[in-house]
Amino acid sequence: MESRAILATGFGPRKCAKIGQPLKDQISRLPDEILVYILSCLTLKEAARTSVLSKRWIDLWRSMACLDFDASKVLKKMFSISSWGRYADFVRKERRKYVEWVDKVLLQSDKSLALDDLRVAFCLDNFYGDKIHKWLQHAFARRVQRLELNVFADDDPASSQESYTFHYELFCLSSGQSQPGYSEIHHHAQIGFKSLRALSLKSLNVTGEVLEFFLINCPFLERLVVEASSVLINLRVCGPSIALKYLEVCCCLMLQSIIVSDTNLVSLKTTDAHHLVLQNVPMLVNVWVSGNSRNLIRDVTSWLSCCLSKLEVLTLRANKFQVSQEKGIVHELPQLTNLKEFVLIASASKDRSLIGFTSLIRASPNLEKFVLKVA
């Protein structure tokens, strides 16, 4: 009875096809939604190559909701070139190819569908500013939810181009009149950016005013990452209406202040903790910090004084000077009663002692995990 039931359902063992008999393409019979999901497990280039399989597959990749323009293999090869002449030639060639690739994919993709993810990561300076500007307009017009833009410098000393700068007119923030001739996609971009849930901006120029504009006008924005912006001076993350849960601000050399107040922030990472001001952050439980300090342990407890008792995970990065300054010092610290995990990233040589950092361990009666990473 059991074997008959199996055969009746059509899931029992089948005879192998006869030699020379063509196999039926069962995968292509699946609904578009499932096929696009399968394509999402491939890289963007691999997914595009499936268009040659059959007529059924020609346009499927255009419906992908995640566009990751990954060029990690090219970048790895680029950074391995030791000759400046060969390096510069290689960069110019690969830049053109990368920009053409992004342009082609965005042009051919289905613009009526919302974007879940867009990731652009390559060494693109302000010479390509207009191109990047159009990519962002495209993403916002398609109501992108997660956007990562990493346009790091190529370290070419002969280059006179500056880092890409976020254009104010992308959000109609400029004080002047809007330029005539803006397309419909620009109109949709002004609205579509409000769908953002995660925004990562690395190695480009973005001001505190632009970042605060995002925070205030994006009701779903929970994650913000800013790295290596040379024009970020002050950043304010203030008010219970802001949805932000995770904030990362690192390597912004001109930064003077980060004020986080009256928010539901859960996680914070910054290399500029000496510029950090925290007020009324009751949900903050995960902190990663480093900063300029002669007495790191003492200053960390000062920087994080309003949330020390609630912290569950603390990651502390100390340079060689800070490690040497902590040698032999015993600190009397407030109790970190909720701290479960303490991670210490220390730049230390063999003759340096880390004994000074045990003060934080002694002040954490419920500590469950201690991780030491020696850089």
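In the predicted model, a positive surface patch is formed by Lys77, Arg86, Lys93 and Arg96, where patches comprise residues with over 30% relative accessible area and no salt bridge, like charges being joined within 9 Å. A salt bridge is a side-chain nitrogen of Lys or Arg within 4 Å of a carboxyl oxygen of Asp or Glu. Helix α5 (residues 84-108) gives the most to this patch, with three residues, and Arg96 has its place in that helix. Arg96 counts as partly exposed because its relative accessibility is 46%, the class lying between buried (under 20% relative accessible area) and exposed (over 50%), with a 1.4 Å probe and protein chains only.

The model is predicted, with local features requiring pLDDT of at least 70 and side-chain atom pairs counted only at pLDDT 80 or more, whereas totals for chains, interfaces and linings use all residues. Residues are numbered from 1 along each chain as its sequence is written, and side-chain values use heavy atoms, with hydrogens and water left out.

Val343 is found in strand β13 (residues 341-346), strands being DSSP runs (E) of at least two residues and helices runs (H or I) of at least four. At 8% relative accessibility, Val343 counts as buried. Residues up to four places away in sequence aside, Val343 touches Leu314, Thr315, Leu316, Val371 and Lys373, contact meaning heavy atoms within 4.5 Å. The C-alpha atoms of Val343 and Arg317 are separated by 8.4 Å, with the two residues 26 apart along the chain.

Ser203, in the loop between β4 (198-202) and α8 (208-217), is buried, with a relative accessible area of 14%. Neighbours within four places in sequence excluded, Ser203 is in contact with Asn150, Val151, Phe152, Ser163, Glu227 and Ala228.

Notes:
Patches are made of residues with over 30% relative accessible area and no salt bridge: like charges are joined within 9 Å, nonpolar side chains (Val, Leu, Ile, Met, Phe, Trp, Tyr) within 5 Å. Accessible areas come from the Shrake-Rupley method with a 1.4 Å probe; for residues, only the protein chains shown count as cover. Lys and Arg count as positive and Asp and Glu as negative; His and the chain ends are not counted. The place of a charge is taken as NZ of Lys, CZ of Arg, CG of Asp or CD of Glu.
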